[in-house]
Structure formats: C-alpha cells, structure tokens
Amino acid sequence: MKVTLLQRDIVWADPETNVREAERTMSGMPGADLYVLPEMFSTGFCTSPEGIAETADSDTLRWMKDFAVKHACAVAGSVAVTEGGRFYNRFYFVKPDGSVVYYDKKHLFTYGGEHKRFTAGNERVIVEHAGCRILLQVCYDLRFPVWSRNCKDYDMIIYVASWPTSRVQAWKTLLHARAIENQCYVAGVNRVGNDPACEYCGGTMLVDPYGKTVDACIDGVQGTVTADVNMEELAAFRSKFPVLDDADRFELLK
C-alpha cells in the first residue's frame with residue numbers, strides 16, 4: 001500500500017482555502033492508495049469551536065468523498081464537527097467508493113481546554129483498506145498506549161495531530177514506541193505553522209514495525225512524503241518474532 005502523508009500549514013478557520021491547497025498538493029502527487037491530512041486540517045486546532053466547526057455533512061467531507069472516488073484512493077484526516085448540539089474532533093476515513101468510517105477522538109486535550117467544548121468518543125475504530133487493517137487515532141491519544149494496544153486486530157496506526165513544537169520530541173519518540181510495542185506500521189501526520197495558541201514544526205513520518213523511520217518530512221516546512229506499507233514483510237516479521245502472542249491480557253473499561 002502506497003501512503004502519502006501531508007504536512008500542512010493550516011490557515012486558521014478557512015476551510016475553503018485549506019481544502020483547495022490540500023487538493024492542489026494531492027493532485028500533484030498521484031497514485032497513492034491513501035492520503036493522510038493532519039488533525040482539524042480544514043480549520044486548525046480550535047478549542048473554542050463555535051462558529052468554526054463544520055456540520056457533519058460539510059463541504060470538507062463532500063470534497064474528501066469526491067477526491068477519493070475520482071482518484072480511486074482513500075483520504076483521511078480529522079475535522080472539527082458540530083452534530084446534535086455537540087462538538088467532536090472527528091477523524092474521517094473515506095474509502096475509494098466514497099463510503100465513510102469515522103473515529104471521534106477519545107483523549108481530549110485537557111491542558112488546552114479541548115474537553116470544555118468537545119465530546120469524547122469511546123469507540124476504538126479499525127478500518128480495512130488495501131489489505132491493511134488500520135487503527136484510527138488523534139494527537140493526544142498517542143500518550144495513552146493502552147488505548148492503542150494491538151490485540152492482533154490491526155496492522156497500522158494513523159495518528160493525525162496538531163502537536164506543538166515545544167513537545168515535538170515526545171511526539172517523535174512515542175511514534176517509534178507505538179510501532180515497536182504493537183509490532184505494526186505507524187503513520188504520524190503533524191502540521192506546521194502557527195495558530196492563535198501554538199507553533200508547530202511537523203515531525204510527519206512513517207515508522208516500520210522495527211521502529212525504524214521509513215521516511216519523513218523535513219521539520220518546519222510544508223511537505224509530503226510517500227512511502228510503502230509492505231504487508232508481506234510485516235507478516236514475515238510477526239511470524240518469525242511473534243511478540244504479540246506474549247502480550248498481557250486485559251479488559252479495557254470505557
């Protein structure tokens with residue numbers, strides 16, 4: 001599976017511009033099976049979403065569907081959504097046929113006040129695409145390894161994020177840790193630029209099950225990286241070194 005990760009500088013509260021620029025970039029890098037955008041890629045990370053969050057049937061989601069169908073690929077990224085009088089940090093995964101699977105971020109960023117306006121999800125979501133089972137996660141989820149523990153039910157994790165420069169070393173370290181401990185690929189897609197609260201320097205990368213960086217964007221600038229997720233190599237590694245067979249058994253309480 002060929003994956004393209006987009007490290008974007010997001011224009012604050014301007015979905016039209018952000019979608020247009022994302023489409024321009026993606027169209028210039030054809031042939032990927034999956035394109036991944038950062039957290040809240042259409043607006044920037046808004047902890048006060050009133051007047052900024054989009055409806056559940058937004059122009060942004062319609063664009064994701066249209067692009068996926070037109071280019072026979074999947075498109076993924078999170079959007080600030082308002083639905084039923086509540087706000088969600090919703091990670092959309094749109095398949096090549098235009099169908100949508102979504103995950104609502106569980107671990108809201110209390111330090112930044114996200115929990116004051118947004119409603120947390122409580123469902124762990126795995127989607128299958130191009131022969132790969134993918135766990136969907138958002139930003140702060142990265143700090144909570146139990147929530148992403150591999151129960152032999154996925155092959156890859158995607159983390160989309162607005163992770164600030166001041167803590168980027170934690171971001172990079174934890175992406176490698178999640179890949180090693182869960183014996184899986186990890187794609188981490190973080191933004192660059194500034195918003196009213198923070199500065200971001202990226203750190204977008206694909207990490208393999210050995211904990212090695214397959215490829216990464218250059219820190220501090222917009223960019224993309226395209227790399228392969230090799231399912232045959234993953235299966236061979238798991239067969240030769242079956243770490244997951246010895247994992248601790250537990251029950252996750254919601």
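Predicted model: local features only at pLDDT ≥ 70, side-chain atom pairs only at ≥ 80, totals over all residues.
A salt bridge is a side-chain nitrogen of Lys or Arg within 4 Å of a carboxyl oxygen of Asp or Glu. Residues are numbered from 1 along each chain as its sequence is written, and side-chain values use heavy atoms, leaving out hydrogens and water.

By the salt-bridge rule, the count comes to 15. Let's start with D9 and R191, whose side chains meet in a salt bridge at 3.3 Å, N to O. This pair links distant parts of the chain: D9 is in the loop between β1 (2–7) and α1, and R191 is in the loop between β10 (185–190) and β11 (192–194), 182 residues apart. R191 is buried, with a relative accessible area of 1%, whereas D9 is partly exposed at 36%.

Next, find R90. Its salt-bridge partner is E83, with the closest N and O atoms 3.0 Å apart. R90 counts as buried because its relative accessibility is 3%, while E83, at 35%, counts as partly exposed. R90 has another neighbour too: its charged end sits over the ring of Y88, 5.0 Å from the ring's centre. Here, "over a ring" means that NZ of Lys or CZ of Arg is within 6 Å of the ring centre and within 35 degrees of the ring normal. K106 does this as well, with its charged end over the ring of W147, 5.0 Å from the centre.

One more set of charges is worth a look. E114 and K105 form a salt bridge at 2.8 Å, N to O, and both of these residues are buried.

Now on to helix α2, residues 59–71. Its 13 residues reach 18 Å from the first C-alpha to the last, close to the 18 Å expected at 1.5 Å a residue (the expected span is 1.5 Å times one less than the number of residues). Which residues of α2 are buried? They are T60, L61, W63, M64, F67 and A68. Looking down the axis of α2, you'd find these buried residues within an arc of 155°, so they line one face of the helix; the arc is that of the directions from the helix axis to the C-beta atoms. There's a handy rule behind this sort of pattern: an α-helix has 3.6 residues a turn, so residues three or four places apart point the same way. The face of α2 turned away from the buried side carries the exposed residues D59, D66 and K70.

What do the buried residues of α2 pack against? Counting contact as heavy atoms within 4.5 Å, they pack against α1 (15–27), β2 (34–36), β3 (54–55), β4 (74–83), β5 (86–94) and β6 (100–104).

Finally, the rings. Rings of Phe, Tyr and Trp (its six-membered ring) pair if their centres lie within 6.5 Å; planes under 30 degrees apart count as stacked, over 60 as edge-to-face and the rest as tilted. The structure holds eleven aromatic pairs. One of them joins F41 and W63, tilted, at 6.3 Å centre to centre with 55° between the planes. F41 is in the loop between β2 and β3 and W63 is in helix α2, 22 residues apart. Ring pairs link Y35, F41, W63 and F67 into a cluster.

Notes. Helix = DSSP H or I, 4+ residues; strand = E, 2+ residues; numbered from the N terminus. Buried < 20%, exposed > 50% of the residue type's maximum accessible area, 1.4 Å probe, protein only.
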